[in-house]
Amino acid sequence: MTFPQGETDASPLASGRAPGKIILFGEHAVVYGRPAIAAPVFRLQAEAVVYPDPEGVCRVEALDIGQQVMVATAGEDDPFARLVRLVCTALDRPLPPWRMVIRSEIPVASGLGSGAAVATAMARALLAAFGVEWSAAAVSALVYEVEKLHHGTPSGIDNTVIAYGRPVWFVRGQPPMPFAVGAALDLLIGDTGIASPTRLAVADVRRGWEADPSRFEALFDRIAAIVHEARTALAEGDRPRLGALMDANQEALAALGVSSPELERLCAAARAAGAWGAKLSGGGRGGNMIALVDPDRREPVTAALLAAGAHRVVHTTLTPTAQ
Ligand code: PMV
């Protein structure tokens, strides 16, 4: 393989970036029409850079995962090729003779929206290289089509929060709504280091729902009530209440069967070290958890998470907004 050479003498034609994301409340139930609250994580970014291709072909190089994709010959199920083809079809252009180089700081299959962030960065880079500007809604809709390859039945929350780049109140099939945040909120994101494809967790929840619909519907309703209460607590900047709601959401997620011993261990360690509350974020089983902390508990909770086996801890802040 004549790959990878990330750097090239050619000047880039365009580039695009997109953040990772966390789900604060409501994952899984959101697939079944309940609301969820999510926020972008700008500390973790995916980037796509478009260069002229030295051999005049259309290719994607994902350096972090050592993958090279020739778009013309890639299978229908390849997410990189799917994204490029969707953009070209929408713009009525042939595949361009471009080399797209992807880099991402967002771990894959870990609940941080890596697939949607990479696709959004690619869409932005490609559109810029074609000299076209799209709305966040149009980029989000395109990325949703790629998300189907990762997730099977995605709710659309990942592409929405990432393409809009702001915290959202999300209900499947509806435009995202902003919401008020009454105080700066510090969150720590702890990585179990266990890759867990979202589609498997989502498929298991579906099997459970099919086997015992009334139990699962009741759990989804319980989560929806938590999400509604969280909206008020966020507007009031009420950390103790938010922490308790995170713990309650985690209990409901565990009852759905998407927690794991590693996630439980990290959540317990964060609480014991002074976090207001903690829960898994995203698909679950592995991936990441989040903990709400006061600024002066950041260091001890980070240390406790690392001591409990977290592979990495990232800090992010939800900044106050009026709406
Ligand atoms: O991509 P993840 O792992 O953050 O999961 C997205 C959230 C789910 O509710 C589990 C799935 C979905 O499509 O909403």
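Reply: In this predicted model, the ligand sits in the largest pocket, where sitting asks that more than half of its atoms lie within 2 Å of the pocket's grid points, and a pocket is an open set of points on a 1 Å grid over the protein atoms alone, fitting a 1.4 Å probe, with protein on both sides within 12 Å along at least five of seven lines. Domain 1 (14-177) and domain 2 (180-318), whose bounds come from an automatic or database assignment, both give residues to the shell, so the ligand lies between them. An oxygen atom of the ligand lies 2.4 Å from a polar side-chain atom of Lys21, and one is 2.7 Å from a side-chain N or O atom of Asp158, such polar contacts being pairs of N or O atoms within 3.5 Å. The protein buries 98% of the 370 Å² that the ligand exposes when taken alone, by the Shrake-Rupley method with a 1.4 Å probe.

Residues are numbered from 1 along each chain as its sequence is written. Local features need pLDDT of at least 70 and side-chain atom pairs 80 or more, while totals for chains, interfaces and linings use all residues, and side-chain values use heavy atoms, without hydrogens and water.

Note on methods:
A polar contact is a pair of N or O atoms within 3.5 Å; within protein, one must be able to donate a hydrogen and the other to accept it, and residues adjacent in sequence count only if both atoms are side-chain atoms. On a 1 Å grid over the protein atoms alone, a cavity is a set of points where a 1.4 Å probe fits but cannot get out, and a pocket is an open set with protein on both sides within 12 Å along at least five of seven lines; lining residues have an atom within 4 Å of a point.
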